[in-house]
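Biologist: Could you walk me through a few local features of this one before I look at it on my own?
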Amino acid sequence: MAKFEYSGRNQAGALVTGTLEAMTPEDVASILFGESVTPIDIKELRKAKKSPDSKTSPTLRGGTAEKVSLVDNINSWLAGRKVTIDELIIFSRQMYSLTKAGLPLDRAISGLAASISNPVFKRILLDVVASLEGGTALATSLGRHPKVFSNLVLSLVHVGENTGRLDAAFKEINKYLALEKQTRKQVKSATRYPIFVMSALAAALAVITVFVIPVFSSVFDRLGADLPWQTVALIRTSDFVINYWPLLIGSVAVSFLAFKSYVGTQPGRYNWDRRKLKIPLAGNVLERVALGRFARTFSMVMRAGVPVVQGLTVVAGAVGNEYVKRTIFRMRENVERGESLYRTAVNSDMFSPIVLQMIAVGEETGTVDELMEEVADFYDAEVEYDLKQLSDAIEPILIVMIAGLVLILALGVFLPIWDLNTQIR
């Protein structure tokens with residue numbers, strides 16, 4: 001654990017400062033969001049020293065702290081270290097039913113933890129139970145695990161706790177997660193076919209390059225025929241791949257790791273997310289997916305009673321695109337200076353005229369949450385249509401690529417055979 005110094009603003013706009021202990025600055029931000037504080041600056045003061053016993057780590061079972069052996073950690077790693085969206089959907093749905101029935105939070109979460117097969121998620125829920133038993137609020141307890149519970153979830157839970165409508169908050173969370181799952185499913189469905197075709201094409205090309213072309217090359221060498229340039233290019237490419245395949249694999253691996261490392265930085269993530277929106281055919285789909293998430297989550301936080309400034313901060317972390325996220329942050333800054341939501345939306349240059357008109361009407365009539373939900377439905381329909389169009393556009397492109405590959409191979413392999421046949425005749 002490390003100690004961080006933070007400054008932020010509460011719901012009244014007053015400046016709040018202090019220190020917190022957490023693992024990362026993101027954990028501090030999650031805790032602050034859970035306490036209705038919008039962070040402005042977070043600085044690490046010092047790092048806590050590591051414990052001398054590194055082979056065991058504390059966990060919580062039955063609400064008490066115990067030691068987990070190295071074998072238990074290995075078993076948990078083998079069983080899976082991630083909490084899936086399906087598990088979160090089931091959890092939010094069950095929490096909605098249990099809180100609506102009036103069951104105490106610690107008993108409800110303990111019962112859910114006992115029925116969960118994922119050991120990672122079980123330990124997280126037991127940690128939340130222990131935090132609740134120590135007198136911590138639910139939003140703050142969930143904020144101890146920011147990789148599982150997003151800022152949106154924490155904000156909705158926090159508002160639900162303060163208004164006494166925690167069941168409604170979990171209902172909104174369940175609805176959001178279900179829509180998020182549907183969006184991911186649509187994107188995967190649209191990309192599954194081209195990925196499969198490209199993988200099969202790459203495998204076929206590798207087999208031809210490594211096994212087929214060398215056989216023809218040896219035959220042509222024995223015959224001593226003059227080879228056309230297409231055949232010479234194929235043979236030299238095959239020889240290079242066979243002789244330097246470790247170098248090629250190493251180059252691909254290094255390039256992939258370098259790309260992942262670059263994207264892992266804030267400037268790299270921003271540049272990559274900005275360029276993704278300009279990819280032909282797919283860029284519009286990715287942009288509408290991000291804007292659909294923005295509209296849906298903003299509608300939820302507004303309906304839950306979250307202030308606009310804090311709501312924009314929460315929504316920015318839910319769009320899944322760093323470029324759009326920074327644009328939303330600029331919108332928040334303009335709102336803090338007193339500009340209207342409609343004017344900040346116009347200056348962002350992200351929304352279509354129809355969407356801007358709906359935002360303006362919603363702001364004038366006080367129904368921003370309802371109209372933003374309609375905007376989200378509009379973007380969802382656009383994404384579904386664009387994905388169908390993308391699938392229809394990719395198919396002819398793949399056919400042309402396959403035809404071009406077949407043509408290159410045919411010219412390179414069969415032209416010398418035809419020339420030899422002509423000479424024999």
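**A strand residue, ring pairs and a surface patch**

Modeller: Ser7 has a relative accessibility of 17%, so Ser7 counts as buried. Please keep in mind throughout that this is a predicted model.

Biologist: Okay, and where does Ser7 lie?

Modeller: Ser7 is part of strand E1, which covers residues 2-9.

Biologist: Which residues does Ser7 touch, not counting those up to four places away in sequence?

Modeller: Leaving out residues up to four places away in sequence, Ser7 touches Leu15, Val16 and Thr17, and also Pro39, Ile40 and Asp41.

Biologist: Switching to aromatics, how many aromatic pairs are there?

Modeller: The count comes to nine aromatic pairs. One of them is Phe294 with Phe298, where the ring centres are 5.7 Å apart and the planes meet at 10°, and because planes under 30 degrees apart count as stacked, this pair is stacked.

Biologist: How far apart are Phe294 and Phe298 along the helix?

Modeller: Phe294 and Phe298 are four residues apart in helix H12 (residues 282-303), which means that about one helical turn separates them.

Biologist: And are those two buried or exposed?

Modeller: Phe294 and Phe298 are both buried. For Phe294 the relative accessible area is 2%, and because under 20% means buried, that residue falls in the buried class.

Biologist: What about Phe294 and Phe351, how is that pair arranged?

Modeller: Phe294 and Phe351 form a tilted aromatic pair, with 5.6 Å from centre to centre and 40° between the planes. Phe294 belongs to helix H12, whereas Phe351 sits in the loop between helix H15 (341-348) and helix H16 (353-365), so the pair ties together parts that are 57 residues apart in sequence.

Biologist: Is Phe351 buried or exposed?

Modeller: Phe351 is buried, since its relative accessible area is 9%.

Biologist: Which residues do ring pairs link into a cluster?

Modeller: Ring pairs link Phe91, Phe121, Phe149 and Phe170 into a cluster.

Biologist: Now the outside: which residues form the nonpolar patch on the surface?

Modeller: The nonpolar patch on the surface is formed by Val207, Val210, Phe211, Val212 and Ile242, which together have about 400 Å² of accessible area.

Biologist: Which helix gives the largest share of the nonpolar patch?

Modeller: Helix H8 (residues 166-223) gives the largest share, with four residues. Ile242, in contrast, lies in helix H9, which spans residues 229-243.

Biologist: Why does Ile242 count as partly exposed?

Modeller: Ile242 counts as partly exposed because its relative accessibility is 33%, which lies between the 20% limit for buried and the 50% limit for exposed.

Methods. Residues are numbered from 1 along each chain as its sequence is written. This is a predicted model: local features need pLDDT of at least 70, side-chain atom pairs count only at pLDDT 80 or more; totals for chains, interfaces and linings use all residues. Side-chain values use heavy atoms; hydrogens and water are left out. Patches are made of residues with over 30% relative accessible area and no salt bridge: like charges are joined within 9 Å, nonpolar side chains (Val, Leu, Ile, Met, Phe, Trp, Tyr) within 5 Å. Accessible areas come from the Shrake-Rupley method with a 1.4 Å probe; for residues, only the protein chains shown count as cover. A salt bridge is a side-chain nitrogen of Lys or Arg within 4 Å of a carboxyl oxygen of Asp or Glu. Helices (H or I, at least four residues) and strands (E, at least two) are DSSP runs, numbered from the N terminus. Buried means under 20% relative accessible area, exposed over 50%, partly exposed in between (1.4 Å probe, protein chains only). Rings of Phe, Tyr and Trp (its six-membered ring) pair if their centres lie within 6.5 Å; planes under 30 degrees apart count as stacked, over 60 as edge-to-face and the rest as tilted. Contact means heavy atoms within 4.5 Å.
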